[in-house]
Amino acid sequence: MSNVAIILGAGNGTRMKSEKSKLLLEIGSKTVIERSVEAFLSVSDIDEIIVVARAQDIDIYSELLTDERISFVIGGATRQQSVKNAVETVDDAHLIVIHDGARPLIKCEDIEKTIRAAEEFSAAAVGVFVKDTIKIVDKQGFVESTPDRSTLFAVQTPQIFDFELYKNAMQKADEQGLDFTDDCQLVELCGGKVKMVEGSYSNIKITTPDDIALAENLLKNEGLL
């Protein structure tokens, strides 16, 4: 069975203050979506890629992304619905690899490490230990507790799951009317455990104009731009 990557590229990106999708903005000479997809094309364990896009972006995405392993699906009203739209086009798979298209600096080795973990544990996600001390506050803004920083991860993507496990979790969320912004939460809902894989702090999410400049600097520092 194949491993299928779902690259989410249907967000509006209102904080980018741009008329076009933030995934069509350029980092160096390539768009954000091109860089994100190319990382997965470079991983031999990925057999198929489904790019989820807004209806108005399908044509331009298909002009930019021409590899025969890539297909396109129109996104839904929420992130979870967008993933579901893609999953419903998959007849069978071993692993579902879900990645935010707005994370164009994902390293191939981190994708591969997370695939290995998902093969062993059925669910895995890449992330990084938090650098700052975190405070839990009450509704009035007063500190209630300080969790141990060594146990805290900032989760990123890709998040990778056994295909049947993810479909069952997605169905359960639908039945309960739940909508999550993080795919791990679906598996957690079913009592599943997600293995965290330590990744890179450079795997940033492009959200604001400053992030484009940061991404360019990170690539320059690594000699990739």
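# Questions on a predicted model

User: What does helix α1 lie across in this predicted model?

Analyst: Helix α1, residues 32–41, lies across β1 (3–9), β4, β5, β6 (95–100) and β10 (153–162). Its direction is at about 160 degrees to β4. Helix α3 (residues 79–87) also packs on the sheet, touching β1, β4, β5, β6 and β10. The direction of α3 makes about 140 degrees with that of β1.

User: What makes α1 mostly covered?

Analyst: Buried means under 20% relative accessible area, and 8 of the 10 residues of α1 are buried. They are V32, I33, E34, R35, S36, V37, A39 and F40.

User: What is the strand order of the open sheet?

Analyst: The sheet has 7 strands in the order β5-β4-β1-β6-β10-β7-β11, and its pairing is mixed. Neighbouring strands are turned by 25 degrees against each other on average, direction ignored.

User: Why is one side of β5 and of β11 left without a neighbour in the sheet?

Analyst: β5 (70–74) and β11 (195–198) stand at the edges and have a single partner strand each, so one side of each has no neighbour in the sheet.

User: How do you know that β4 and β5 pair, and in which sense?

Analyst: Pairing needs at least two bridges between the strands. β4 (residues 48–53) and β5 have 5 bridges and run in the parallel sense, so by that criterion they pair. One of the bridges links I50 to S71 in β5.

User: Why is β6 called largely enclosed?

Analyst: The cut-off for buried is under 20% relative accessible area. In β6, 6 of the 6 residues are buried, so the strand is largely enclosed by the rest of the structure. L95, V97 and H99 point one way, while I96, I98 and D100 point the other way, and all are buried. In a regular strand the side chains alternate between the two faces of the sheet.

User: Why is S122 called partly exposed?

Analyst: Partly exposed covers values between the buried limit of 20% and the exposed limit of 50%. The relative accessible area of S122 is 31%, so S122 is partly exposed. S122 sits in the loop between α4 (108–121) and β7 (123–129). Its phi is near 75 degrees, a positive value in a residue other than glycine.

User: Which peptide bond is cis, with omega near 15 degrees?

Analyst: The bond from T157 to P158 is cis, with omega near 15 degrees. P158 lies in strand β10.

User: What makes up the lining of the second largest pocket?

Analyst: The lining consists of R35, E38, A39, P104, L105, I106, K107, S202, L218, L219, E222 and L224. The pocket holds about 260 Å³ of space. α1 and α7 (209–221) each supply at least two lining residues, and the largest share, 3 residues, comes from α1.

User: How do the lining residues of the second largest pocket divide into nonpolar, polar and charged?

Analyst: The residues of this lining divide into 7 nonpolar, 1 polar and 4 charged. Asp, Glu, Lys and Arg count as charged, and the lining includes R35, E38, K107 and E222.

Notes:
Residues are numbered from 1 along each chain as its sequence is written. This is a predicted model: local features need pLDDT of at least 70, side-chain atom pairs count only at pLDDT 80 or more; totals for chains, interfaces and linings use all residues. Side-chain values use heavy atoms; hydrogens and water are left out. Helices (H or I, at least four residues) and strands (E, at least two) are DSSP runs, numbered from the N terminus. Axes are lines fitted to C-alpha atoms, for helices over the stretch in contact, and angles run from 0 to 180 degrees between N-to-C directions. Contact means heavy atoms within 4.5 Å. On a 1 Å grid over the protein atoms alone, a cavity is a set of points where a 1.4 Å probe fits but cannot get out, and a pocket is an open set with protein on both sides within 12 Å along at least five of seven lines; lining residues have an atom within 4 Å of a point. Grid points are joined across faces, edges and corners, and a volume is the space filled by probe spheres set on the points. Buried means under 20% relative accessible area, exposed over 50%, partly exposed in between (1.4 Å probe, protein chains only).
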